[in-house]
Amino acid sequence: MKFEDILSEINGFGTFQKTLLLNNFIGRFGLVCHFILNIFINVIPSHHCDINALDADGVFGNLTSEQRLTVSIPQHEDGTFDSCLMFSEPQFDLLKNSSSPTEPPVVPCQNGWIYDNSTFTSSLATQWDLVCEKARMNKAVVTIFFLGVMFGAAMFGSLSATFGRKKMLLVSYISAMCFALASVFSSSFTMFAVLRFFTGLSITGIVIISTILNVEWVDIEHRKLVSVIDSMSWTFAIMCFCLISYWIREWRWLTVAVTLPISISIISWWWIPESARWLIANGNVEEAHYYLRKCAIMNRREEFISSIKPEVLSSIVGTDGENRKYSYLDLVRTPKMRRLALKTGLTWFCVATVAYGIGFSIGSLGLDLHLTQFVYGVIEIPSKLSVYYLLDRIGRRTTVVGALLLAGFSLVINTFIPKDQTVVRTVIAVLGRGCSGASFMTTILYSSELYPTVLRQNGMGYNSFLGRLGVSVSPLILLLDDVWGHLSQVILCVVALFASLVAYQLPETQNRCLPETIEDIEGTKKKLSDISE
């Protein structure tokens, strides 16, 4: 008897699983919102030098606001005022002639900046004057946050494999909420950057642990449905965040608003079960039996579980009572496990690079920031629904490979379309974004099914680490457009094609039992086809 047989008998998608899925759906809201929060709190509004010092003696008299700017700040050829420079003294002759025979002396802003607060009441840029020569510090916050996410993925992957999924999920909830709320009270940019790093470090545990819990508690038939629902939580959170940010335009209160929902997850954590697979694999058969019995009672199938004794469970996954602790080193100790880790790691890195690279490069659709992000969320719905249909029709591997190829083709097509045809380019880019999102969603499910129970959390932590590394690399690739306008698109296309080639070499997992031990991967117990050489 396999673990999947027990799940089938006690209903592998009953009230118990649906309650778990709902709890984890709610728990991801704060995670997704903090990912998008970086875009909104790092906005640099229109700004110019504070020129009040030039009017110390009232020399401006009855000049209008436009005239005061004209005599105080140099203008570009398109008529816009410079954001970082000002005249050392008022240039009243510019009121008569738009140009001067001699270039007036200019200096950097001496007394701070005046910001356009029509869109956002405040942001990090307005809070700590992260503009002009400090603009890079503003952009660095995103990198710092995702560095935290990257290291957090590895940390929680290891900790949850050692101490259990449920305990580490609570640690992730509480620490993420504490660090996020503490960042609101930051008195300096350095303090805020440090707290954002630890927010990213803490909050990433939510996604990698909840994903594994969902997969390990549902039967084979409903894995793809759970994957789609998991992915839809991101879409739902993106659209909700856009509505929240539309009404809350101050960065501190916006941070509080998207963080407080985590408190609901902390309360609902008490109803989240530990993974029975993990408990059995670690020799805790009594506790595993307790949760299986709880599942059977909630699903009204208690008659069957009463006939299963705790000592029988250890033989189901073939642990023989062994209580061994696994680490990241076990990903590379055996040959087939090593090849699996290499191929899934490369796939995650490339998929994340392409998905976020396309997302960062789409540009404006002619809408404001809130509506643009809302549209991006809506666009993901049809692509994810199509994945639900394709997973059973053509399998996980073909879905990932096909989505990556389509994303790569969209990038190639856009390199041949003139940049003045913005509507056509945007439509193709949006289609590419949908394909890349579909590949990312499928890759998450695919990877969780490839790794054995004893290493599943470590494997997902390792993959998530490389995925976040890809997220960090994608903005750097976009900078290459300064060398050649289409260079970043070409590189992202090559990355997508390479990822499809790597993913094609992975074994199919459709309608297969989840592997439980390393021996299942190496061939002692064959539950998946061999990892191709």
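These legends walk through close-up views of a predicted model. Residues are numbered from 1 along each chain as its sequence is written; local features need pLDDT of at least 70, and side-chain atom pairs count only at pLDDT 80 or more, while totals for chains, interfaces and linings use all residues. Side-chain values use heavy atoms, with hydrogens and water left out.

**View 1. Helices α6 and α9 pack against each other.** The axes of α6 (residues 165-184) and α9 (residues 251-259) come within 9 Å and cross at roughly 165 degrees (axes are lines fitted to C-alpha atoms over the stretch in contact, with angles from 0 to 180 degrees between N-to-C directions; helices are DSSP runs of H or I, at least four residues, numbered from the N terminus). That makes α6 roughly antiparallel to α9 (angles over 145 degrees). Here M177, A180, L181, S183 and V184 of α6 meet W251, R252, T255, V256 and T259 of α9.

**View 2. L292 sits in the largest nonpolar core.** This core has 104 residues, and I10, F35, W217 and L292 have the most contacts inside it (a core is a set of buried Ala, Val, Leu, Ile, Met, Phe, Trp, Tyr and Cys residues joined through side-chain atoms within 4.5 Å; buried means under 20% relative accessible area, exposed over 50%, partly exposed in between, with a 1.4 Å probe and protein chains only). Leaving aside neighbours within four places in sequence, L292 is in contact (heavy atoms within 4.5 Å) with F3, I6, I10, W217, A276, I305 and L313.

**View 3. N11 has a positive phi.** Its phi is about 75 degrees, although N11 is not a glycine. N11 lies in the loop between α1 (3-9) and α2 (15-41), and is partly exposed at 24% relative accessible area.

Conventions
Helices (H or I, at least four residues) and strands (E, at least two) are DSSP runs, numbered from the N terminus. Angles under 35 degrees count as roughly parallel, over 145 as roughly antiparallel, 65 to 115 as roughly perpendicular and the rest as oblique.
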